[in-house]
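Biologist: I've got the sequence and the model open side by side. Can you walk me through it?

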Amino acid sequence: MRYTFGPVNSRRFGLSLGIDLSPDQKSCNFDCVYCELSGAKPTDKISNPPKVKEVIKEVKESLCKFPDIKVITITSNGEPTLYEHLDELVNGLNKIKEDKKLLILTNSSTICDEKVQKALLKIDIVKFSLDCASTKCFKKIDRPLKGIDITDITKCMVEFSNIFTNTLIVEILVVKGINDNKKEMREIYQVLKDIKPHRVDIGTIDRPPAYKVEAVDEKKLEELSHCFDNIAISLIRKNIPDKKENFSKEEILNLLSHRPQSEWDIEYFFSEDSKKILEKLLFDHKIIKEDIAGVAFYTTP
Ligand code: SF4
């Protein structure tokens with residue numbers, strides 16, 4: 001297979017079949033410091049792009065071979081929205097996907113382009129990256145192609161979110177010494193209040209980065225996540241802490257009314273007694289459990 005890979009078991013989206021629209025080389029209009037691909041000069045073209053029918057053929061074969069796939073993920077060795085036939089590809093995938101969800105992982109840079117918006121509107125789950133909302137931080141961390149402006153991007157993200165009826169997720173990647181501070185997170189929060197994503201994933205570097213930058217620890221991620229009131233936050237964690245918290249019924253209700261907790265938060269931080277109280281609250285319909293693009297969250301109704 002040249003254009004598909006996996007399936008891979010993604011904790012955030014479930015069993016996923018990946019589509020790579022730029023298998024030959026990195027084609028991206030950013031050159032992020034944390035990129036897990038090698039650093040490369042930003043470009044707005046995918047070189048040697050595949051034909052839509054070739055991609056569809058491979059996806060069909062993979063879906064027959066792996067019937068348990070939950071999500072078909074449009075990604076790339078770079079930025080998938082640079083693919084010039086994206087709309088045609090999305091139409092073709094929607095025809096064959098049956099009960100699977102179609103997901104795209106984009107760096108958000110092209111969201112002001114009407115052609116890109118038209119294609120994204122037909123995708124079940126759109127995941128935007130947004131590492132910074134200020135120009136200085138954006139240029140430092142995402143190193144975009146000249147002329148790409150974060151203020152335009154965030155404005156268009158808000159416009160898109162007003163017409164998009166499927167699931168919208170925003171991912172923030174935190175890099176030590178660049179966006180690991182409350183000031184940057186609060187600027188992102190101001191934008192998120194208008195975008196109103198269904199879920200926000202916050203993580204840090206976990207594979208060798210293109211440039212000499214470092215990850216932050218989980219304590220820092222947890223601390224920064226408190227800048228985002230009333231948003232379903234999914235923290236991408238690796239280590240399970242030894243100490244779990246005992247919460248009363250009132251404390252749980254108060255916590256969930258301010259901040260929905262993912263099933264991973266419950267697993268990581270709730271003691272066995274707290275989990276029992278949580279289950280009772282769920283049984284009594286005092287709280288609800290909802291699935292947001294593959295991650296379950298507990299929240300107040
Ligand atoms: S947007 Fe993605 S592919 Fe492009 S440089 Fe950044 S991390 Fe790498």
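Biologist: Which residue just after H6 takes a positive phi?

Modeller: This model is predicted: local features need pLDDT of at least 70, side-chain atom pairs count only at pLDDT 80 or more, and totals for chains, interfaces and linings use all residues. Residues are numbered from 1 along each chain as its sequence is written. Helices (H or I, at least four residues) and strands (E, at least two) are DSSP runs, numbered from the N terminus. Just after H6, phi is positive, about 50 degrees, at Lys196.

Biologist: How far apart are the end C-alpha atoms of H6?

Modeller: H6 runs over residues 182-195, 14 residues in all. At 1.5 Å a residue (times one less than the number of residues), it should span 20 Å, which agrees with the model's end-to-end value of 19 Å.

Biologist: Which residues of H6 are exposed?

Modeller: Buried (20 or more other C-beta atoms within 10 Å of the residue's own; exposed is 12 or fewer) are Glu184, Met185, Ile188, Leu192 and Ile195. Their directions from the helix axis to the C-beta atoms cover an arc of only 90 degrees, so they sit on the same side of H6. On the other side, the exposed ones are Lys182, Lys183 and Gln190.

Biologist: How many of the residues around the ligand are charged?

Modeller: The shell (C-beta within 6 Å of the ligand) is Cys28, Phe30, Asp31, Cys32, Cys35, Leu37, Gly78, Glu79 and Asn107. Asp, Glu, Lys and Arg count as charged; Ala, Val, Leu, Ile, Met, Phe, Trp, Tyr, Cys and Pro as nonpolar; the others, Gly among them, as polar. That gives five nonpolar, two polar and, for charged, two.
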